[in-house]
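This report describes the fold, the helix packing and selected surface features of a protein model. Please read it alongside the sequence and the structure shown below.

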Amino acid sequence: MKRQVGWLAGQLVATLALASALVFVVLRVLPGDSAVVALGVNATPQALAQWRAQHGTDRPLIAQYGSWMGGLLRGDFGTSFVTGRALTPLILDRVQVTLIIVGLGMLLALVVAVPLGTLAAVTHRSAWGTVIAGASQVGVAIPNFLVGVLLVSLVAVHLGWLPAGGWTPPATNPADFWRHVILPSVALGTVQAAIITRYVRSAVLEVMREDFLRTARAAGRTRAGALVRHGLRNAGVPVVTVVGVQLAAMLIGAVVVERVFVVPGLGSLLVDAVQQRDLQAVQSIVVVLVALVVVINFVVDLLYTVLDPRLRVVAR
């Protein structure tokens, strides 16, 4: 198990190194000059040259990449090309906001999807199973932003139960924090709940057809007892895969929900940086998002080995 973790950790480090290099190169080949964006089209050649020298964009690309990576390894994301502010505290503050709403959204999705998906599988030949399967199919077709707009219109504007947008840090006012975090989390989690429900249903249905479950029934266990004792763990492997993929998708797609609810998350920061052509901010934010996705995949791979020891391989 330790060698397996070491092998996966090595893959994690290699993937992050490759991803950072690709992000840096891709952003550097895009058209546009950060100096012109920062100083304006009327800036003199001397001012542009001074700005490039100050920010190091006149150096060879390999030197720029090395300097940027050295800063990342020290936890320094650099300085914004547009505002001149340090990016590290800004990114760390924004990523906490995004992780909170994404984490709560996924928690809500799992709390709803796992029991509903299991119930839909067990009762797939009854009216309940048909209703759950149909409702989940409808939920998959609804985009997150539409759910957000509907929640704002109904819960915030029409009923006045919760605020339509904004953000309060949990340390500042816990009660107000929960009032602001509920709607964006529900908007993110609703669609994911529908998607995961369908996968849980399919996974449990597949397990229910396996011989070992019939053997457990023949040994005297009830259908529910056999499913809980032997089936759910085997059904967990494909479900964990889907949860990992959807969690990564939620991180990327959170930008839309953050815009709808005016939440100052990492996605909103990325959109602002792109609009301002702040190259340093964009590449640092993208690397943080890529790192989060890679870490999620790493955790999913670890969970595979916990759920099914047969999947453990020895690194060679």
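The model is predicted: local features require pLDDT of at least 70 and side-chain atom pairs count only at pLDDT 80 or more, while totals for chains, interfaces and linings use all residues. Residues are numbered from 1 along each chain as its sequence is written, and side-chain values use heavy atoms, with hydrogens and water left out.

**Overall fold**

The secondary structure consists of 12 helices and 0 strands. Helices (H or I, at least four residues) and strands (E, at least two) are DSSP runs numbered from the N terminus. Of the 316 residues in the protein, 41% are buried. Here buried denotes under 20% relative accessible area, exposed over 50%, and partly exposed the range in between (1.4 Å probe, protein chains only). Among contacts with a separation of 6 or more, 71% involve residues 24 or more positions apart, a contact being heavy atoms within 4.5 Å. The protein exposes about 16900 Å², of which carbon and sulfur atoms supply 67%; accessible areas come from the Shrake-Rupley method with a 1.4 Å probe, and for residues only the protein chains shown count as cover.

**Helix α11 and its surroundings**

Helix α11 spans residues 266–275, and its buried residues include L266, G267, S268 and L269. These four residues meet L90, I91, R94, V95 and T98 of α5. The axes of α5 (residues 87–122) and α11 come within 7 Å and cross at roughly 130°. Axes are lines fitted to C-alpha atoms, for helices over the stretch in contact, and angles run from 0 to 180 degrees between N-to-C directions. The two helices are therefore oblique to each other; angles under 35 degrees count as roughly parallel, over 145 as roughly antiparallel, 65 to 115 as roughly perpendicular and the rest as oblique.

Residues with positive phi occur in the loops on either side of this helix. V262, in the loop between α10 (223–260) and α11, has a phi near 55°, a positive value in a residue other than glycine. V262 is exposed, at 57% relative accessibility. R277, in the loop between α11 and α12 (279–307), likewise has a positive phi of about 55° without being a glycine. R277 is partly exposed, at 42% relative accessibility.

**Salt bridges**

The structure holds 2 salt bridges, each defined as a side-chain nitrogen of Lys or Arg within 4 Å of a carboxyl oxygen of Asp or Glu.

| Pair | N to O distance |
|---|---|
| D176 and R179 | 3.8 Å |
| R259 and D272 | 2.8 Å |

R259 is partly exposed at 41% relative accessibility, and D272 is partly exposed at 25%. D176 and R179 both lie in helix α8 (residues 174–208), 3 residues apart, about one turn of the helix. D176 is partly exposed at 23% relative accessibility, as is R179 at 38%.

**Nonpolar patch**

V138, I142, F145, L146, V149, L150 and V256 make a nonpolar surface patch of about 560 Å². Patches are made of residues with over 30% relative accessible area and no salt bridge; like charges are joined within 9 Å, and nonpolar side chains (Val, Leu, Ile, Met, Phe, Trp, Tyr) within 5 Å. Helix α7 (residues 144–158) gives the most to the patch, with 4 residues. L146 lies in helix α7 and is partly exposed, with a relative accessible area of 35%.
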